[in-house]
Amino acid sequence: MRVSRFDGVRRLRRLHSPRVRRRVRAALAEELLGAPRSFAAVCAFTLFMLGVGVAYYAPTAGTVPPALWPLYADSAVAVALGGGVLAAIAPTVRRGDPLAEAPASRGLAYLQTIAFVWLVQFGLWPLVSLNLAFAEYVAAPDAWIYYWGVIGTHLLFVGLALLFPAFGRTTRGALATALALGVANVGLDYGLGYHPPLLYEPGAGLAAATLAIAVGAVALAARSFPRLDEDAS
């Protein structure tokens with residue numbers, strides 16, 4: 001059956017409805033995370049990204065006080081938090097239950113919210129940080145890894161995070177904590193100078209963009225996640 005251009009546009013407009021977006025997200029989450037085989041593939045790729053992230057930050061970690069490593073190694077920590085979210089739903093997947101029936105608690109709401117915000121924040125961050133020095137990165141040796149590879153894999157952070165509201169919850173406290181961590185990260189990176197290794201010295205522009213991404217990620221989490229408090233009422 002042929003679909004007209006008008007029908008296609010009409011279907012795209014339906015995505016403006018929060019109810020339709022929730023259904024689409026739930027279907028994608030069940031497809032990618034609800035079946036053991038696809039869930040295992042997502043977990044394996046998450047572990048791979050974690051290993052790459054640790055390898056990226058390890059050579060410079062010695063210049064940063066150990067207490068600040070969780071904020072300094074931001075991309076690696078974001079992936080680790082995402083892995084924690086996946087580990088929490090593993091029993092649900094193993095039993096074959098729908099993801100919507102995954103356990104919910106205040107602690108899990110904090111984990112899911114902070115993981116979502118950090119995956120979105122640091123998934124989008126390379127789009128700004130690398131393109132501020134586009135010529136240097138595309139001209140560098142192995143640019144296909146250090147530019148295209150970094151941007152491509154980090155955008156997958158965002159894709160993973162967007163699945164979490166299909167089964168996760170948030171609270172005001174979790175959102176406030178995620179925002180505070182985002183602000184603290186900006187202060188650490190650009191106030192104290194402990195920013196990730198780059199081919200240039202970042203300035204106020206990147207700091208402002210990073211803060212804007214953090215605020216936007218928290219706002220997106222607030223719109224996307226159901227509230228744990230509403231479940232209890």
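Q: What makes a residue count as nonpolar, charged or polar here?
A: Ala, Val, Leu, Ile, Met, Phe, Trp, Tyr, Cys and Pro count as nonpolar, Asp, Glu, Lys and Arg as charged, and the others, Gly among them, as polar. By that division, the lining of the largest pocket holds 22 nonpolar residues, six polar and no charged.

Q: How do you know which model and numbering these values rest on?
A: This is a predicted model, in which local features need pLDDT of at least 70 and side-chain atom pairs count only at pLDDT 80 or more, while totals for chains, interfaces and linings use all residues. Residues are numbered from 1 along each chain as its sequence is written, and side-chain values use heavy atoms, with hydrogens and water left out.

Q: Why is one space called a pocket and another a cavity?
A: On a 1 Å grid over the protein atoms alone, a cavity is a set of points where a 1.4 Å probe fits but cannot get out, whereas a pocket is an open set with protein on both sides within 12 Å along at least five of seven lines; lining residues have an atom within 4 Å of a point. The largest pocket is lined by 28 residues, with Val52, Tyr56, Tyr146, Val150 and His154 nearest its centre. The largest cavity is lined by Ala88, Ile89, Ala102, Pro103, Leu108, Gln112 and Phe167, of which six are nonpolar, one is polar and none is charged.

Q: What makes Ile89 a contact partner of Phe167?
A: Contact means heavy atoms within 4.5 Å, and, not counting residues up to four places away in sequence, Ile89 touches Leu33, Phe39, Leu99, Ala102 and Phe167.
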